[in-house]
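Please read it alongside the sequence and the model.

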Amino acid sequence: EFKSLVTEVSQTQGIGIPNDAQMQSIFNDFDKNKSGTISFAEFDAIQAELLNRVAAASAKAASKGLTTQQLDQLQKKYDKNKDQKLTLQEFKALVVEASQLQGTATPSDAQIQTIFKDFDKDRGGTISFAEFDAAQHQLQQRIQASSAQAAAKAAAKASSRGLSAQQLDQLQAKYDTDK
């Protein structure tokens with residue numbers, strides 16, 4: 001129930017979803033009486049902190065990045081015609097999966113197009129594997145920066161507006177399986 005609730009809150013607020021260990025840690029902190037459940041009273045008391053913790057967990061996950069091996073595997077996976085080059089469409093698919101693996105928000109299409117143009121050093125309309133290899137670190141930094149911007153916007157939105165009482169009541173009702 002809690003995982004589904006946190007996932008929906010994350011999506012509603014436009015921030016990344018914490019991993020299982022982070023969710024368990026958040027749950028344990030909010031289960032004040034250590035009963036193994038979070039009562040509605042406990043939930044009401046923690047709503048603002050929950051949003052902040054979810055955003056912080058998302059940002060922490062984003063800072064880890066992917067290994068060179070993971071990026072190489074993605075590069076090969078999305079080189080559909082095996083020509084050792086990535087088209088814009090192949091690159092977009094790669095960036096989406098890399099973002100998901102990092103637990104970060106996916107950069108916008110405009111951001112992906114800008115990154116693609118920057119990495120296409122020979123202006124051939126594709127990113128060669130050599131161009132990609134040279135730019136791997138920069139790609140992760142840009143995905144993380146995009147996610148950090150999204151998390152900052154979401155945190156500002158959450159702190160200034162947060163979820164309404166009605167939204168929280170709807171979420172509580174939706175995930176209360178003990179009815």
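The notes below are grouped by topic.

This is a predicted model, in which local features need pLDDT of at least 70 and side-chain atom pairs count only at pLDDT 80 or more, while totals for chains, interfaces and linings use all residues. Residues are numbered from 1 along each chain as its sequence is written, and side-chain values use heavy atoms, with hydrogens and water left out.

**Salt bridge**
- The structure holds one salt bridge (a side-chain nitrogen of Lys or Arg within 4 Å of a carboxyl oxygen of Asp or Glu).
- The partners are E97 and K77, whose closest N and O atoms are 2.7 Å apart.
- E97 lies in helix α5 (residues 88–102) and K77 in helix α4 (residues 68–78), so the pair ties together parts that are 20 residues apart in sequence; helices (H or I, at least four residues) and strands (E, at least two) are DSSP runs, numbered from the N terminus.
- E97 is buried, at a relative accessible area of 16%, whereas K77 is partly exposed at 44% (buried means under 20% relative accessible area, exposed over 50%, partly exposed in between, with a 1.4 Å probe and protein chains only).

**Packing of α4 and α5**
- The two helices, α4 and α5, pack at an angle of about 145° with their axes 9 Å apart; axes are lines fitted to C-alpha atoms over the stretch in contact, and angles run from 0 to 180 degrees between N-to-C directions.
- On the α4 side, L74, Q75, K77 and Y78 meet E90, A93, L94, E97, A98 and L101 of α5 (contact means heavy atoms within 4.5 Å).
- Q70 lies in α4 and is partly exposed, at 30% relative accessibility.

**Helix α5**
- With 15 residues, α5 reaches 21 Å from its first C-alpha to its last, close to the expected 21 Å at 1.5 Å a residue (the expected span is 1.5 Å times one less than the number of residues).
- Buried residues of α5 include F91, V95 and S99.
- Just after α5, G103 takes a positive phi of about 75°.

**Positive phi in loops**
- Most residues other than glycine have a negative phi.
- K34 has a positive phi, near 55°, in the loop between α2 (20–30) and α3 (40–62), and is exposed at 58% relative accessible area.
- K82 also has a positive phi, of about 55°; K82 sits in the loop between α4 and β1 (85–86) and is exposed at 56%.
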